[in-house]
2 protein chains.
Amino acid sequence: VPELAYQNGKILPISEAMVSVEDRGYQFADAVYEVIMGSQGRPFALQKHLNRLHRSMSALDFPELSLDLVKEGILKVNEASEIPDSVIYLQVSRGNQVRSHLPEREMNPVLTITVRRADETPVRPLSPGVSAITVPDERWGRCDIKTVQLLPNAMAKTRAEKNGASDAIFLGPENVVREATSSNVFIVKDGVFYTHPLTPNILPGITREIFIQSQAKAGHEVVEEIFSVERLLGADEVFLTGTITRVLPITKVDDIPIGTGRPGPGAAAFLELLIEEIRTQK
Amino acid sequence: VPELAYQNGKILPISEAMVSVEDRGYQFADAVYEVIMGSQGRPFALQKHLNRLHRSMSALDFPELSLDLVKEGILKVNEASEIPDSVIYLQVSRGNQVRSHLPEREMNPVLTITVRRADETPVRPLSPGVSAITVPDERWGRCDIKTVQLLPNAMAKTRAEKNGASDAIFLGPENVVREATSSNVFIVKDGVFYTHPLTPNILPGITREIFIQSQAKAGHEVVEEIFSVERLLGADEVFLTGTITRVLPITKVDDIPIGTGRPGPGAAAFLELLIEEIRTQK
């Protein structure tokens, strides 16, 4: 079975999945997306992804698209792929029209889903840690909407690679730590977890949410507050979280070692919880 | 002859022009574009558009693409369309790859050109004027690169329409007037033209450049400086300039009439000069 795509209710090889050059996703980045982890042949945290997709589409005043149909498509193509550990990518654009900034009133959203093999199983152990650089956040003002306007993210990732680092962390005005190119940032100091609050400047990450909620259940508060790069550099631990990232310890930022320079117990606990959630998914 | 597209050296109906769902233009807005006016069957200011395309691609470290081939494609498809007054749209994406923020080292850029009939001939008289609203500029920090990250522009245009206006003017911090959703902004006060200087926050417009250069030749300086919305509201004239916009008087901003509330001599002189350039293009 080749890696597969889903379009208009049909399953086809990804290489045959095409869109019009007048798809607004192509000409205006007028499209939203989700990346879902398939584990044991099942999409993890599917309902949360569908809810966020709905939120993104509502924020942009997209035409209606049945979430049941989206869900059906995801399950169908993921099953057809026969890939146990998959990366499910799903994009919805506003639709096709003759190029004009102003969207037409009646449009048919274009849904595309692709399923590829994940590079690694999600239930593997914690990474020994990677390094990151910091970059000024030049993205637009609504990063809470999960749109395909990802060019600055790609540029920052490229810059990281050129500097021998694995990822880049976006800094807002006054060196506020926002998030990385495709994941949220957490720090740990004296046993307390901190992360940027939900504002228009960061993505409401699902892995972020799962951890905060489970900590709250256990009576531990994750502090959601603004902090600067100085606090990050002085933290005991720094790590990134995201659907594909899972939990990734950052042991060096801008060539400065973080804490002991090795992954810490906070990241390990986070990952343990996440793997338990993945293993026991309903 | 239907309206035509050009892809991979071939001419085809626009409805048949497709791109891969894994084109980075679709998944990352990793693409740049130009809109060229065809007049009397010839692309106006073609070399300036090609130069700007090259500048956009260089700024993003795109793989090489022969500008001669791009030029050949534009001329070929515009001629084949047999449309005297056309809108030529040209998009170059970085290329296709398995989805990853980091671009592959070796990529083949994807060039698409479409030609459509212009709504109106470019040599028509000055518009009686339209109204505009102002909106906070939430776009990314490199609007000088002509990328397809146009969702905030589309959102602002939609907001203008909902408010009964024709366009929206982006305001930066401290209410600085930047540009409109697809054109530059000029004001006239006491016979002097003012426009935003070239910074990462505005597009280096070709119509803007043509006017500034021709004024300089005639010994008249266009003042390129930052000004606030208060100065715009107190101006004698406000107008937009762009390839398709040409020169468009704005007679009302946020429901406040500008100057006499009618198009003024500055906009008329600008348009006269532009039409002369179009008529006498080499």
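Two strands are taken as paired if DSSP finds at least two bridges between them. The model described here is predicted. By that rule strand S3 of chain A pairs with strand S3 (residues 18–20) of chain B: 3 bridges join them, and the two strands run antiparallel. Within this pairing, Met18(A) has Ser20(B) as its bridge partner.

**The interface of chain A and chain B**

Chain A contributes 54 residues to the contact, and chain B contributes 54 residues. About 4,400 Å² is buried between the two chains, and carbon and sulfur atoms account for 62% of that area. On the side of chain A, 18% of the area buried against chain B comes from Tyr26(A), His101(A) and Leu151(A), more than from any other three residues.

Polar interactions also cross the interface of chain A and chain B. The rule finds 6 salt bridges there, along with 23 residue pairs in polar contact, counting pairs with both residues at pLDDT 80 or more. The elements of chain A that give two or more residues to the side touching chain B are strands S3 (18–20), S4 (31–39), S6 (86–93) and S7 (110–117), together with helices H1 (24–28) and H4 (151–162). Of these, H4(A) gives the most, with 9 residues. Sorted by class, the side of chain A that touches chain B has 23 nonpolar, 16 polar and 15 charged residues.

**Salt bridges**

Over all chains, a search of the whole structure finds 34 salt bridges.

| Residue | Partner | N to O distance |
|---|---|---|
| Arg105(A) | Glu161(B) | 3.1 Å |
| Arg116(B) | Glu3(B) | 2.5 Å |
| Arg52(B) | Glu34(B) | 2.7 Å |
| Arg231(B) | Glu225(B) | 2.9 Å |

The salt bridge of Arg116(B) and Glu3(B) links distant parts of the chain: Arg116(B) lies in strand S7 (residues 110–117) of chain B and Glu3(B) in the segment before strand S1 (4–7) of chain B, 113 residues apart. Arg116(B) has a relative accessible area of 18%, and therefore counts as buried, under the 20% cut-off. Glu3(B), at 21% relative accessibility, counts as partly exposed.

The salt bridge of Arg52(B) and Glu34(B) likewise links distant parts of the chain, with Arg52(B) in helix H2 (residues 46–59) of chain B and Glu34(B) in strand S4 (residues 31–39) of chain B, 18 residues apart. Both Arg52(B) and Glu34(B) are buried.

In the salt bridge of Glu225(B) and Arg231(B), Glu225(B) is partly exposed at 29% relative accessibility, and Arg231(B) is partly exposed at 34%.

In chain A, salt bridges link Asp137(A), Arg139(A), Arg178(A) and Glu179(A) in a network.

**Residues with positive phi**

Most residues other than glycine have a negative phi. Glu82(B) is not a glycine, yet has a positive phi of about 60°. Glu82(B) sits in the loop between helix H3 (67–81) and strand S6 (86–93) of chain B, and is exposed, with a relative accessible area of 62%.

Asp255(B), which is not a glycine either, has a positive phi of about 70°. The loop that holds Asp255(B) runs between strand S15 (246–253) and strand S16 (256–257) of chain B. At 67% relative accessibility, Asp255(B) counts as exposed.

How values were computed
Residues numbered from 1 in each chain as written. Chains lettered and ligands numbered in written order. Predicted model: local features only at pLDDT ≥ 70, side-chain atom pairs only at ≥ 80, totals over all residues. Heavy atoms only, no water. Contact = heavy atoms within 4.5 Å. Buried area = accessible area lost by both parts, 1.4 Å probe. Salt bridge = Lys/Arg side-chain N within 4 Å of Asp/Glu carboxyl O. Polar contact = N/O pair within 3.5 Å; in protein donor to acceptor, adjacent residues only side chain to side chain. Helix = DSSP H or I, 4+ residues; strand = E, 2+ residues; numbered from the N terminus. Nonpolar A, V, L, I, M, F, W, Y, C, P; charged D, E, K, R; others polar. Buried < 20%, exposed > 50% of the residue type's maximum accessible area, 1.4 Å probe, protein only.
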